[in-house]
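Here's a quick walk through a model on your screen. Have a look at the fold first, then read on.

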Amino acid sequence: MSDIDMDSILAQREEATGSADTFGFTFAGQRWTAKDPVMADDEWKNELAELSSDVEVAVHYLGEDQYEQFVAAGGRNGIVLLAVREYTKQLQAEDSQGRPTPRSVSSAKRRKR
């Protein structure tokens, strides 16, 4: 088995998304940018671990200025948290080539065929 070329993976990610450590999502017809929880630096993650409310967490992901704009557009903290959850689900559902991974089929479903 060959080594994983993280330099190549990170360069491809930045080329595809335009950022090494954020992801975008759309809400209220606008594009918002949140910190990628996987690629965030240690300081950001340590600060996240110290937060005690969903509002604080949402502000941490978007930044104060962008969160204010997000709320003014009708957003709330739960939408930010849902965007983060959906983003991490997408990461888990992609293979190394960025293609969706097939869903596993339980043995019970296979037997019904």
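Does E47 count as buried, partly exposed or exposed? E47 counts as partly exposed, because its relative accessibility is 34% (buried means under 20% relative accessible area, exposed over 50%, and partly exposed in between, with a 1.4 Å probe and protein chains only).

A word on the ground rules. This is a predicted model, where local features need pLDDT of at least 70 and side-chain atom pairs count only at pLDDT 80 or more, while totals for chains, interfaces and linings use all residues. Residues are numbered from 1 along each chain as its sequence is written, and side-chain values use heavy atoms, with hydrogens and water left out.

**The overall layout**

The protein has six helices and two strands, as DSSP runs numbered from the N terminus (helices are H or I with at least four residues, strands are E with at least two). Reading from the N terminus, the order is α-β-β-α-α-α-α-α. Of the 113 residues in the protein, 25% are buried.

**Surface patches**

Back to E47, which sits in helix α2 (residues 42-50). Together with D41, D42, E43 and E50, E47 makes up a patch of negative charge on the surface. Patches take residues with over 30% relative accessible area and no salt bridge, joining like charges within 9 Å and nonpolar side chains (Val, Leu, Ile, Met, Phe, Trp, Tyr) within 5 Å. For charges, Lys and Arg count as positive and Asp and Glu as negative, with His and the chain ends not counted; the place of a charge is NZ of Lys, CZ of Arg, CG of Asp or CD of Glu.

There's a nonpolar patch on the surface too, formed by I4, M6, I9, L10, V38, M39 and L91, with about 590 Å² of accessible area together. That area comes from the Shrake-Rupley method with a 1.4 Å probe, and for residues only the protein chains shown count as cover. Helix α1 (residues 6-17) gives the most to this patch, namely three residues. L91 belongs to helix α5 (residues 77-92) and counts as partly exposed, because its relative accessibility is 35%.

**Aromatic rings**

A pair of aromatic rings is described by the distance of the centres and the angle of the planes. Here, rings of Phe, Tyr and Trp (its six-membered ring) pair if their centres lie within 6.5 Å; planes under 30 degrees apart are stacked, over 60 edge-to-face, and the rest tilted. By this rule there are seven aromatic pairs.

Take F23 and Y87: they are stacked, at 4.1 Å centre to centre with 5° between the planes. F23 is in strand β1 (residues 22-27) and Y87 in helix α5, so this pair ties together parts 64 residues apart in sequence. F23 is buried, at 6% relative accessible area, and Y87 is buried as well, at 12%.

F27 and F70 make a tilted pair, 5.1 Å centre to centre and 45° between the planes. This pair also links distant parts of the chain, with F27 in strand β1 and F70 in helix α4 (residues 64-72), 43 residues apart. F70 is buried, with a relative accessible area of 0%.

F23, F25, F27, W32, Y67, F70 and Y87 form one aromatic cluster. V84 is in helix α5 and is buried at 9% relative accessible area. The C-alpha atoms of V84 and F23 are 8.8 Å apart, though 61 residues separate the two along the chain.

**Salt bridges**

Side chains of opposite charge can pair when their charged atoms come close. The cut-off for a salt bridge is a side-chain nitrogen of Lys or Arg within 4 Å of a carboxyl oxygen of Asp or Glu. The whole structure holds four of these salt bridges, including the ones below.

| Salt bridge | N to O distance |
|---|---|
| R13 and D36 | 2.2 Å |
| D21 and K35 | 2.9 Å |
| R85 and E86 | 3.8 Å |

In the salt bridge between R13 and D36 (2.2 Å, N to O), R13 lies in helix α1 and D36 in the loop between β2 (30-35) and α2, so the pair ties together parts 23 residues apart in sequence. R13 is buried at 17% relative accessibility, and D36 is buried at 1%.

As for R85 and E86, both take part in a network of salt bridges with K89. R85 is partly exposed, with a relative accessible area of 48%, and E86 is partly exposed at 31%.
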